[in-house]
Amino acid sequence: MVLYVRFTVVVVLVLVLQVELFSELRLWGVMPELLMGTTVATAWAAGPDRGAVVGFVAGLLYDLYLPTPLALSALTYVLVAYGVGNVSAALASSGERRLRQLVTLCAVAAGIMLFVTLGELLGQPNLYTDRLVTIVIVATLYTTLLMTPIRRLVLWALGDEKRPAPKPLRLEVVE
């Protein structure tokens, strides 16, 4: 129960920071993706399942604010969290910080592109612009710079909870 309360506090705090503070603190007109960063940090620390749950809730709350189709951010965050969670499980033996930063960078960039692609497929106008490359680069770097406090919030929310042990990958030969 404490875990749910802590993650609720973290998601609401990050949502408020995203929509109130960082909507004003833009770099070249671009905001960081703090909620996606929270999703990535949760997936890295707690696995794909918990990351996907946090991503869904964070995305759904953000979708209530955005003028995009409901659950577009939620779907994007779930897919990103599931991917990051599986990558982190495969790299569990390597706790190198640079590797985590690289995965975060790639995940945020892929998440932004996925959001735009899914939005365009759903008929949402104006997501794809001639500034898309600039937006992806700036938002990705901006978010990555803010990942240390986000990661600390996520670790606080997890408390004593351990990451579930990764399931061993089995290759089966189909004859």
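Helices are DSSP runs of H or I with at least four residues, numbered from the N terminus. The model shown in these views is predicted.

**View 1. Threonine 140 in helix α6.** Threonine 140 belongs to helix α6, which covers residues 132-145. The relative accessibility of threonine 140 is 4%, under the 20% limit, so this residue counts as buried. When neighbours within four places in sequence are left aside, the residues in contact with threonine 140 are Leu105, Val108, Ala109, Ile112 and Ile135.

**View 2. Packing of helix α1 against helix α3.** Helix α1 is formed by residues 2-21. The axes of α1 and α3 are 10 Å apart, and the two helices pack at an angle of about 40 degrees. On the α1 side, the contact is made by Leu3, Phe7, Val11, Leu15, Gln18 and Val19. On the α3 side, Arg50, Val54, Ala58, Leu61, Tyr62 and Tyr65 take part. The crossing of α1 past α3 is right-handed.

View 3. With ring centres required to lie within 6.5 Å, the count of aromatic pairs is one. The pair consists of tyrosine 62 and tyrosine 65, with 6.4 Å from centre to centre and 5 degrees between the planes, and it is stacked. Both tyrosines lie in helix α3 (residues 48-65), three residues apart, or about one turn of the helix. Tyrosine 62 has a relative accessible area of 4% and is therefore buried. Tyrosine 65, at 47% relative accessibility, falls between 20% and 50% and so counts as partly exposed. Tyr62 and Tyr65 are also among the α3 residues that make the contact with α1.

**View 4. Arginine 6 and the ring of tryptophan 156.** The ring of tryptophan 156 has the charged end of arginine 6 sitting over it. The distance from that charged end to the ring centre is 4.9 Å.

**View 5. Arginine 152 and alanine 41.** Arginine 152 is part of helix α7, which runs over residues 147-158. Its relative accessible area is 60%, over the 50% limit, so arginine 152 is exposed. Between arginine 152 and alanine 41 the C-alpha to C-alpha distance is 9.0 Å, while in sequence these two are 111 residues apart.

Key:
Residues numbered from 1 in each chain as written. Predicted model: local features only at pLDDT ≥ 70, side-chain atom pairs only at ≥ 80, totals over all residues. Heavy atoms only, no water. Phe/Tyr/Trp six-rings, centres within 6.5 Å; stacked < 30°, edge-to-face > 60°. Buried < 20%, exposed > 50% of the residue type's maximum accessible area, 1.4 Å probe, protein only. Lys NZ or Arg CZ within 6 Å of the ring centre and 35° of its normal. Axes fitted to C-alpha atoms, helices over the stretch in contact; angles between N-to-C directions. Left-handed = near helix turned anticlockwise from the far one by under 90°. Contact = heavy atoms within 4.5 Å.
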